[in-house]
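Here is a note for a colleague who is opening this structure for the first time. The points are numbered so that each can be checked against the view.

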Amino acid sequence: IQKIKKEGGGSIAILSQSDHYKLSRRIQIEKRLLLALDHNDLHVMYLPQVDVATGKVIAVEALVRWEDEVLGTVSPDELIPIAEETGLINEIGTFVLEKACEQAAIWQRKEIPVKVSYNSSIREFRDKNMVKTIRKVLEKYNCSPSLLQIEFTEKFAIEAEGEQSIIGQMRKLQQDGVTFTLDDFGTGYASLHYLQLLPIDEMKIDSSFISSITGLEKQKKLVQGLIHLGHSLGVRVVAEGVEHESQYLLLKEFGCDALQGYYISPPISAEEVEKLF
Ligand code: C2E
Ligand code: CA
Ligand code: CA
Ligand code: CA
């Protein structure tokens, strides 16, 4: 946006062509998203996670997917920030949560031993009924709480620190058996202090650390340090964005508990997940 000085002294804003494009796409996304939610047009893909020691798939991460007739594919990186600003993230969250629990329960009945994680946004936890909502969804699908994993980012962690009720809600769910993962670890400002404060079962090291792990000695040390840190706090450590065997081998050597990434599999459908067992 460029500001132009008006004769009278004030300024008016005019949009550059690319700003104009961004703004109109954004408005379109908001409009179409409402429709998509109404028509159940979103769907979910699952990113497998394997246990480093056994090489077996132990969990999948539910990731929202949206292919719109008009807009084409809208990636989560574009969709989620807009949904967070408009508040529609709550609806997306409920949709993904329902899918995750429904699917986890189906796999439980088929004796496929896999947990399902879902990405939550702080807005969802500001809702005082969050615990009730999650319990209701678990009951609706007859899904055992221990099959549900909730991921949240450091940004969430930092805001949550000042909001005791959020931590309280997490604790209640944790007592039910639900587990929590600190996602994209290392990218924000979470300090040891947060790690201690929040009820975390697992830490996910961000892919940006993993992509450089086979480079400089310093970078190796950094990842090794993050893994040690997690273990000293008694949490499981997962690496994300593992694309090459060399990265996998190093992570194994460093004692990382689990990993996910294209080296294992891209996000796949529920049917494809079943074929892995
Ligand atoms: P994330 O939580 O870090 O999710 C993992 C992302 O990394 C996914 O992208 C996945 O497709 C991608 N990925 C997996 N393995 C690899 C790899 O080896 N290399 C590379 N380069 N990428 C890999 P996706 O699905 O585009 O999601 C992007 C982000 O959007 C997610 O990052 C997550 O923060 C957010 N997101 C996705 N679904 C939801 C949702 O249902 N709710 C909320 N609140 N956020 C979501
Ligand atoms: Ca995640
Ligand atoms: Ca990440
Ligand atoms: Ca992540």
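**Charged pairs and calcium sites**

1. E30 and R26 sit four residues apart in helix α1 (residues 17–38), so about one helical turn separates them. This is a predicted model. E30 and R26 form a salt bridge, with 3.4 Å between the closest N and O atoms. E30 is partly exposed at a relative accessible area of 27%, and R26 is also partly exposed, at 24%.

2. The structure holds 13 salt bridges.

3. Which side chain does E98 meet in a salt bridge? The partner is K140, at 2.9 Å from N to O. E98 belongs to helix α3 (residues 89–109) and K140 to helix α5 (residues 130–140), so this pair ties together parts that are 42 residues apart in sequence. E98 counts as partly exposed, with 22% relative accessibility, whereas K140 is exposed, with a relative accessible area of 55%.

4. A further salt bridge joins R236 and E202, whose closest N and O atoms are 3.1 Å apart. Here the pair links distant parts of the chain, R236 being in strand β11 and E202 in strand β10 (residues 202–205), 34 residues apart. Is E202 buried or exposed? E202 is buried, with a relative accessible area of 2%, while R236 counts as partly exposed at 30% relative accessibility.

5. The calcium ions come next. The calcium ion (ligand 3) is coordinated by D184 (OD), D206 (OD) and E240 (OE), at 2.1 to 2.5 Å. Along the sequence these donor residues are spaced D-x21-D-x33-E. D184 lies in strand β9 (residues 179–185) and E240 in the loop between β11 (236–239) and α11 (245–253), so the pair ties together parts that are 56 residues apart in sequence.

6. D184 counts as partly exposed, at 24% relative accessibility. E240 is buried, with a relative accessible area of 11%; the value is under 20%, which means that it falls in the buried class.

7. Which residue coordinates both the calcium ion (ligand 3) and the calcium ion (ligand 4)? That residue is D184, and the two ions are 3.3 Å apart. The protein donors of the calcium ion (ligand 4) are D183 (OD), D183 (OD), D184 (OD), E240 (OE) and E240 (OE), lying 2.1 to 3.1 Å from the ion. D183 and E240 are each listed there with two entries. The spacing of the donors along the chain is D-D-x55-E. Of these, D183 in strand β9 and E240 in the loop between β11 and α11 link distant parts of the chain, 57 residues apart.

8. D183 also has a part in a second bridge between ions. The calcium ion (ligand 4) and the calcium ion (ligand 2) lie 3.6 Å apart, and D183 bridges them. D183 is buried, with a relative accessible area of 6%.

9. What coordinates the calcium ion (ligand 2)? The donors are E61 (OE), N119 (OD1), E151 (OE) and D183 (OD), at 2.2 to 2.3 Å. These donors follow the spacing E-x57-N-x31-E-x31-D along the chain. Among them, E151 in strand β8 (residues 148–153) and D183 in strand β9 are a pair that links distant parts of the chain, 32 residues apart. E151 counts as buried, at 2% relative accessibility.

10. D184 coordinates the calcium ion (ligand 3) and the calcium ion (ligand 4), and D183 bridges the calcium ion (ligand 4) and the calcium ion (ligand 2). D183 lies in strand β9, as does D184.

Note on methods
Residues are numbered from 1 along each chain as its sequence is written. Chains are lettered from A and ligands numbered from 1 in the order in which they are written. This is a predicted model: local features need pLDDT of at least 70, side-chain atom pairs count only at pLDDT 80 or more; totals for chains, interfaces and linings use all residues. Side-chain values use heavy atoms; hydrogens and water are left out. Donors are N, O and S atoms within 2.8 Å of the metal (3.2 Å for Na, K and Ca); water is not among the atoms, so sites may look incomplete. Helices (H or I, at least four residues) and strands (E, at least two) are DSSP runs, numbered from the N terminus. Buried means under 20% relative accessible area, exposed over 50%, partly exposed in between (1.4 Å probe, protein chains only). A salt bridge is a side-chain nitrogen of Lys or Arg within 4 Å of a carboxyl oxygen of Asp or Glu.
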